[in-house]
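My plan is to go from the whole chain down to a few single residues.

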Amino acid sequence: MPIFNNKKGKSENLTLPSDIILPKHIGIIMDGNGRWAKKRGLPRTAGHSVGSNTFKTIARYCSEIGIKYLTVYAFSTENWKRPQEEVISLMKIFKSYMLEAINEFKDETIKIRFIGDTSKFSPELQDLMKQTEEGGADRDGMVLNIAVNYGGRAEIVTAVKQICSDIESGKLDKSSIDEKLISDYLYTADQPDPDLIIRPSGEYRTSNFLLWQSAYSEYVIMDNVLWPDFSKENLNEAIIEYSKRNRRYGGI
């Protein structure tokens, strides 16, 4: 995994060169909310709340600079194991965000999609997710994938089950199974694989995020910034680092 260690911490006033080639699809593992709060003697829920505001800032900025697809890791299949108080707080943040998105994003071009097994959420949250997606269905701007109750392995298992079902029903012949077909059964069907995946907080693992799609993604691991402090300048720094990479896709 290619890794860039951000030893300088937060970048100051770093702008993108006018001739830079932007990644089409960026994935972000929004990590470090709990540690951010702990460092300040605050409950973990405070970190999630500030992290939610950071997410909205970065999502809008990605749209402004011309990123076509952004996928953020908001809640994993493993996050249900966290303390019940923290899970309840996260659900409240989701609800608040979706209510804001329905109202605030109505004049924007961002198209929001939720990827993951949303059936595990309350009927109220499922309805808000549906309203949020339907409200932006006709928008032609950046596609924002919000991964909730998402796990890369679970996504692949779900895809395999659906492929098997379609073979049994005669809709699909097993001889047609190839990499493209599997990609077409994933949550991100019809979207390009992520070019760049960013992980703040210095953790060196994929955490079950976009396992199939990230086969040739460039990773930028930022050591000295936790997600609530992640800035537009940090994003610019990651994009500039990405632009320096020689992407050979297994070739020479």
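Predicted model: local features only at pLDDT ≥ 70, side-chain atom pairs only at ≥ 80, totals over all residues.

**Entry 1: a loop residue to begin with.** I started at L210, which counts as buried because its relative accessible area is 1%, under the 20% cut-off. L210 sits in the loop between β5 and β6. I also looked up its backbone: L210 has a positive phi of about 50°, although it is not a glycine.

Entry 2: Where is S201 placed? I found S201 in the loop between β5, residues 196-200, and β6, residues 218-222. Its phi is near 90°, again a positive value in a residue other than glycine. Is S201 buried or exposed? S201 is buried, with a relative accessible area of 8%.

**Entry 3: the whole chain.** I then stepped back and read off the secondary structure. The protein chain has 7 helices and 6 strands. Starting from the N terminus, I wrote the order down as β-α-α-β-α-β-α-β-α-α-β-β-α.

For overall dimensions, I checked the radius of gyration. The protein chain comes out at 18 Å, which agrees with the value near 18 Å for a compact globule of 252 residues. The C-alpha trace spans about 55 × 50 × 35 Å along its principal axes.

Next came contacts and surface. I counted contacts between residues at least 6 apart in sequence, and 79% of them join residues at least 24 apart. Of the 252 residues, 47% count as buried. The accessible surface is about 13,100 Å², and carbon and sulfur atoms account for 49% of that.

**Entry 4: H25.** I went to strand β1, residues 25-29, where H25 is found. H25 has 1% relative accessibility, so I put it down as buried. Which backbone oxygen lies 2.7 Å from a polar atom of the H25 side chain? The oxygen belongs to P192.

I then listed the contacts of H25, leaving aside neighbours within four places in sequence. Y69, L70 and T71 are among them, and so is N145. The list also includes the run Q191, P192, D193, P194, D195 and L196. P192 therefore turns up both in this list and, because its oxygen and the side chain form a pair within 3.5 Å, in the polar check at 2.7 Å.

Entry 5: G151 lies in the loop between β4, residues 143-150, and α5, residues 152-168. At 2% relative accessibility, G151 counts as buried. Not counting residues up to four places away in sequence, G151 touches Y73, T77 and N208.

How far apart are the C-alpha atoms of G151 and S76? I got 5.8 Å, for two residues that are 75 apart along the chain.

E64 belongs to helix α2, residues 44-65, and is exposed, with a relative accessible area of 60%. E64 and S76 are 12 residues apart along the chain, and their C-alpha atoms are separated by 27 Å.

Conventions: Residues numbered from 1 in each chain as written. Heavy atoms only, no water. Helix = DSSP H or I, 4+ residues; strand = E, 2+ residues; numbered from the N terminus. Rg over C-alpha atoms; globule rule 2.2 N^0.38 Å. Buried < 20%, exposed > 50% of the residue type's maximum accessible area, 1.4 Å probe, protein only. Contact = heavy atoms within 4.5 Å. Areas by Shrake-Rupley, 256 points an atom, 1.4 Å probe, with all protein chains shown as cover. Polar contact = N/O pair within 3.5 Å; in protein donor to acceptor, adjacent residues only side chain to side chain.
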